[in-house]
Amino acid sequence: MKNILTFIFLGLAFTVNSQTKLTSASMYDSLNARVYRIECALYDGVVSGKIKPYKDDSLTSVYSLQMIKDLSTVYRSVQNSWNATNEPDSIYETSLNPHVQGYGLLTVLKPTKIDLNSIEDNYTFSSVAVLYQPTVGRTNIKLPIQPWFYIRYAELSKVLTSYQITLLTQLTKMLSSDKYLCWGMRDSSTVISPASAFFAPGVYNGFTKTAALNFYNLNALAKNCFEYSVLIIHDELLSTLDRFEKDSTTKETNSVKLLKSDLTHPVHIDFYPNPQDPTIKIDSIVIARVAPEEFKKIVWDAQSIGISKNESVRNEEDDTIISLSRNDFLKIAPAWLPVFLWYNF
């Protein structure tokens, strides 16, 4: 019999300081903040002249700094109606700056080889573009969000840390391929369509693949990775409970009873045994399993990873966490998921 060591933490003070607590929302906030810092660092690197801004992902033509500023100039017109009727509208210029408002990044992957007889992916990280939203001429009409300028991957180390480059690489792989469970992603530089207009991962332009690191995709990525982690832990804990309850030596232990109380709940059901007589009713109580979506938080430390129904990431005295050992999670989770979780949070 496979022996999974199951822990139940009841908000013990000596474990709190070493625990990492994540909800789907806090996971998104963390990813979004770090992508935003990268976006600002790339912009600052271009303005300071440390890195070159390329016009497109072919990386053959470079923008001048003046052209970057011209592209980022948007206009706002105000109608002057308090004077003569023919008085022209006032036009105000604004310079776009990711420090004020960021639109995200677009990473680009190029094939290392093209083999039409093979369906395997052979791509490398080629460049990353800072996104922006220009206007039409001297009008208030906004164009779709699009690449502003591209930075060659080999030059990222001039303005980014190795940690930031690793994060970009991981997010690019996860958002450009359906191999990483990231369904519902929108991998396009045009991100102004309704949130419901999702399409499959991996946008191809010839043999080029792109991944948009924007609000929609980062939010979906955080949600999917969080829910997948909860599902893996939840299912394994239920399997563990089933095995323990079939074992007479463990069935009546306090640990198993506590585990059962967190994974199941009583449900009142009315049975009508006689279809011909609906007045005959039998009241019954059945034990139902708690659905994985009822768990709102992931908690881990050096030894374990668990789930909790409490949504707070603060230290809560009544926080009940049911956990698997970390080694057991490594055995049942896909290899990329623990790397993504424990490296980035």
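Student: Which residues have the most contacts inside the largest nonpolar core?

Tutor: In soluble globular proteins, nonpolar side chains tend to be buried together. A nonpolar core here is a set of buried Ala, Val, Leu, Ile, Met, Phe, Trp, Tyr and Cys residues joined through side-chain atoms within 4.5 Å, where buried means under 20% relative accessible area with a 1.4 Å probe and protein chains only. In this predicted model, local features need pLDDT of at least 70 and side-chain atom pairs count only at pLDDT 80 or more, while totals for chains, interfaces and linings use all residues. Residues are numbered from 1 along each chain as its sequence is written, and side-chain values use heavy atoms, leaving out hydrogens and water. The largest core has 63 residues, and Leu-42, Leu-105, Leu-171, Phe-329 and Leu-341 have the most contacts inside it. Its largest share, twelve residues, comes from helix α5 (residues 215-246), helices being DSSP runs of H or I with at least four residues, numbered from the N terminus.

Student: How do α5 and α8 cross?

Tutor: Axes are lines fitted to C-alpha atoms, for helices over the stretch in contact (heavy atoms within 4.5 Å), and angles run from 0 to 180 degrees between N-to-C directions. The axes of α5 and α8 (residues 336-344) come within 11 Å and cross at roughly 115°.

Student: Which residues of α5 and α8 meet?

Tutor: On the α5 side they are Leu-221, Cys-225, Tyr-228, Ser-229 and Ile-232, which meet Trp-336, Leu-337, Phe-340 and Leu-341 of α8.

Definitions and conventions
Buried means under 20% relative accessible area, exposed over 50%, partly exposed in between (1.4 Å probe, protein chains only). Helices (H or I, at least four residues) and strands (E, at least two) are DSSP runs, numbered from the N terminus.
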